[in-house]
Number of protein chains: 2
Amino acid sequence: MVKHTPRARAGHNGEPEFVETLRRRALVPRGSGIVLGIGDDCAIVRPRGAREDLLFTTDLLIEGTHFLRDTHRAGDAGWKALARGLSDIAAMGGEPRFCLVSLALAEWTGARWVERFYDGLLELAGIAGAPLIGGDVGGGDRMACDIVVGGAVPRGSALRRDGARAGDGIYVSGRLGVSALGLASRRGAAWRRHKRPEPRLALGRFLRRRLCATAAMDLSDGLSLDLYRLCAASGLRAEIDAPPVYPGATLEQALHGGEDYELLFTVREGIRVPERFQGIPLTRIGRMRRGEPGRVDLSGAPLHRGGWDHLRSAAGARRSQG
Amino acid sequence: MVKHTPRARAGHNGEPEFVETLRRRALVPRGSGIVLGIGDDCAIVRPRGAREDLLFTTDLLIEGTHFLRDTHRAGDAGWKALARGLSDIAAMGGEPRFCLVSLALAEWTGARWVERFYDGLLELAGIAGAPLIGGDVGGGDRMACDIVVGGAVPRGSALRRDGARAGDGIYVSGRLGVSALGLASRRGAAWRRHKRPEPRLALGRFLRRRLCATAAMDLSDGLSLDLYRLCAASGLRAEIDAPPVYPGATLEQALHGGEDYELLFTVREGIRVPERFQGIPLTRIGRMRRGEPGRVDLSGAPLHRGGWDHLRSAAGARRSQG
């Protein structure tokens with residue numbers, strides 16, 4: 001998955017080169033059953049003889065970065081840990097199959113907190129059909145969780161970031177900026193959405209099966225950064241208009257706010273995209289074009305990449321590794 | 001995998017109950033393709049139509065617990081992170097297929113350290129045939145790494161902890177106590193073995209294919225604790241004599257020292273076990289018996305479970321969660 005590591009580190013000097021180096025060094029031998037390694041929401045693995053491809057994603061949830069001890073309940077943290085991983089499975093049109101959870105427990109995480117963390121996690125695991133099948137536990141200074149989600153798609157059918165073609169329409173689900181609004185206001189429906197994001201699993205499968213989407217990814221780090229990544233992966237540029245904004249959020253939050261966990265996808269011209277899927281708006285925001293790979297123009301002017309940077313935004317932000 | 005969480009937490013009051021509760025709550029629906037969930041070295045997943053079962057394990061490597069910043073080089077930490085996961089694959093007789101790595105980077109982990117961490121990790125990944133296919137990066141107070149290793153065995157053939165039968169011979173590979181000796185002495189071959197353990201992958205496959213081992217697990221937490229787990233999982237007790245001790249190590253280190261990453265296995269009476277496999281001694285230490293599940297007798301007297309407890313042993317040990 002590209003998260004290793006541009007998601008966390010885009011904007012840090014030197015880091016993209018490091019990731020590119022790592023990706024080159026991590027070259028996968030032919031015949032190993034690895035369809036896709038570092039570079040997308042999930043890695044894709046083809047087991048011998050299987051009718052399906054398996055998807056794997058890992059996501060860290062770290063105290064101070066992805067949740068705040070003071071404002072997030074344990075159950076919310078557990079829900080969000082899994083939701084982040086499930087959203088990556090949704091982005092590829094996959095069906096979740098299982099999860100594993102590694103926990104580094106801080107001094108303050110008592111038995112009740114841990115139990116409630118699992119309450120939230122297992123609640124979503126039950127809804128999503130991703131039973132917990134393993135993990136590990138250790139001690140740390142901050143509470144940190146690494147979630148692994150395994151999913152599946154029919155062989156060869158995973159939605160990837162690199163499949164968009166010139167002329168394809170660009171769409172987003174939902175109304176953007178809700179998570180940033182929730183984090184800023186700490187109240188109401190937006191705050192609940194921030195704490196308990198709902199991975200778009202059914203929508204992801206709909207995009208794969210019915211709309212034959214050419215590319216898809218989840219909006220975890222903000223539209224401006226994530227659309228750049230989709231364009232760069234597909235070797236194209238994009239022209240967009242303002243995306244749909246969540247009531248009360250600003251355009252800035254909708255463009256650059258992270259953690260909306262909506263889906264960004266491209267569809268060939270001529271395919272009819274419904275206005276809604278299970279109540280979630282699907283909005284055309286622009287079109288893929290030939291040109292400078294990764295460039296995004298909003299209403300005719302270049303859009304800067306101001307997306308969420310987990311490290312830069314972290315309470316305990318680390319200095320650049322570059 | 002049982003690591004979730006008895007491996008890390010055995011001996012903490014209340015923790016076994018918590019794990020048992022978690023295991024019950026994490027019940028896996030029928031037809032989901034999950035052959036084995038929480039409770040062994042790896043989880044076992046059967047993809048639809050596949051001729052093979054997939055194995056998954058996650059292992060945390062945390063600064064101050066599993067490696068020390070002052071004494072472990074970055075490359076050694078990267079090697080060890082992956083070796084821990086590969087050892088779980090070896091314990092099930094599996095062939096590694098891929099790995100994913102999530103890194104929580106501490107303030108002190110600069111670009112060079114991270115690069116060298118990957119040097120060590122990718123060196124072992126290349127040797128073991130487990131290409132790096134993804135991961136995540138975030139920031140933390142201590143450096144922590146969660147490694148995921150995926151492996152495979154022919155359908156239905158994974159070696160588990162729960163397959164031992166009364167009358168089976170009990171064996172260990174290698175000479176035990178080397179890692180504890182290395183950690184205590186900080187020099188020589190034992191120290192090198194502590195820093196760069198060699199997962200017994202070829203041996204694991206040999207146990208599965210040639211010896212039809214009835215049960216196996218890796219010695220990550222010490223013979224006394226790990227044999228207890230194998231006995232408890234198989235519903236049997238064990239009678240053993242002193243295991244082979246690494247030259248210079250004490251019997252105490254051999255019985256209770258963790259991180260040897262040798263294999264503990266059981267074989268039916270009548271199957272000839274060679275004295276060595278690829279230069280590694282294979283030593284019969286006792287026999288499985290009917291009786292109180294989990295009980296281990298050494299030379300006729302009950303053996304206390306003094307195995308490695310990562311949390312209790314950690315520099316920054318956390319209080320019990322129980």
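## Helices H5 and H6 of chain B

In chain B, the axes of helix H5 (residues 178-185) and helix H6 (residues 188-195) come within 7 Å and cross at roughly 110 degrees. H5(B) is therefore roughly perpendicular to H6(B), a label for angles of 65 to 115 degrees. Axes are lines fitted to C-alpha atoms over the stretch in contact, and angles run from 0 to 180 degrees between N-to-C directions. Helices are DSSP runs of H or I with at least four residues, strands are E runs of at least two, and both are numbered from the N terminus.

On the H5(B) side, the contact is made by Val178(B), Ser179(B), Leu181(B), Gly182(B), Leu183(B) and Ser185(B). H6(B) supplies Gly188(B), Ala190(B), Trp191(B), Arg193(B) and His194(B). Contact means C-beta atoms, placed from the backbone, within 7 Å. By class, five residues are nonpolar, five polar and one charged. Ala, Val, Leu, Ile, Met, Phe, Trp, Tyr, Cys and Pro count as nonpolar; Asp, Glu, Lys and Arg count as charged; the others, Gly among them, are polar.

## Model and confidence

This is a predicted model: local features need pLDDT of at least 70 and side-chain atom pairs 80 or more, while totals for chains, interfaces and linings use all residues. Residues are numbered from 1 along each chain as its sequence is written, with chains lettered from A and ligands numbered from 1 in the order written.

The model scores ipTM 0.87 and pTM 0.89. Chain A averages a pLDDT (the predictor's confidence in each residue, from 0 to 100) of 88, and 89% of its residues score at least 70. Residues 1-14 of chain A stay under 50. Residues 309-322 of chain A are also below 50. Where pLDDT is low, the predicted coordinates should not be read in detail.

## Chain A

Chain A has 10 helices and 14 strands. Of its 322 residues, 61% are buried, meaning 20 or more other C-beta atoms lie within 10 Å of the residue's own. Among contacts between residues at least 6 apart in sequence, 82% join residues at least 24 apart.

In helix H5 (residues 178-185) of chain A, Val178(A), Ser179(A), Ala180(A), Leu181(A) and Gly182(A) are buried. They pack against helices H6 (188-195) and H9 (251-256) of chain A. Just after H5(A), Arg186(A) takes a positive phi of about 55 degrees.

## Strand S8 of chain B

Strand S8 (residues 215-218) of chain B is covered on both faces. Ala215(B) and Met217(B) are buried on one side, Ala216(B) and Asp218(B) on the other. Four bridges join S8(B) to the antiparallel strand S10 (residues 263-267) of chain B; pairing takes at least two DSSP bridges. Met217(B) stands opposite Leu264(B) in S10(B).

How values were computed. A residue is buried if 20 or more other C-beta atoms lie within 10 Å of its own, exposed if 12 or fewer, and partly exposed in between; C-beta atoms are placed from the backbone. Two residues are in contact if their C-beta atoms, placed from the backbone, lie within 7 Å. Angles under 35 degrees count as roughly parallel, over 145 as roughly antiparallel, 65 to 115 as roughly perpendicular and the rest as oblique.
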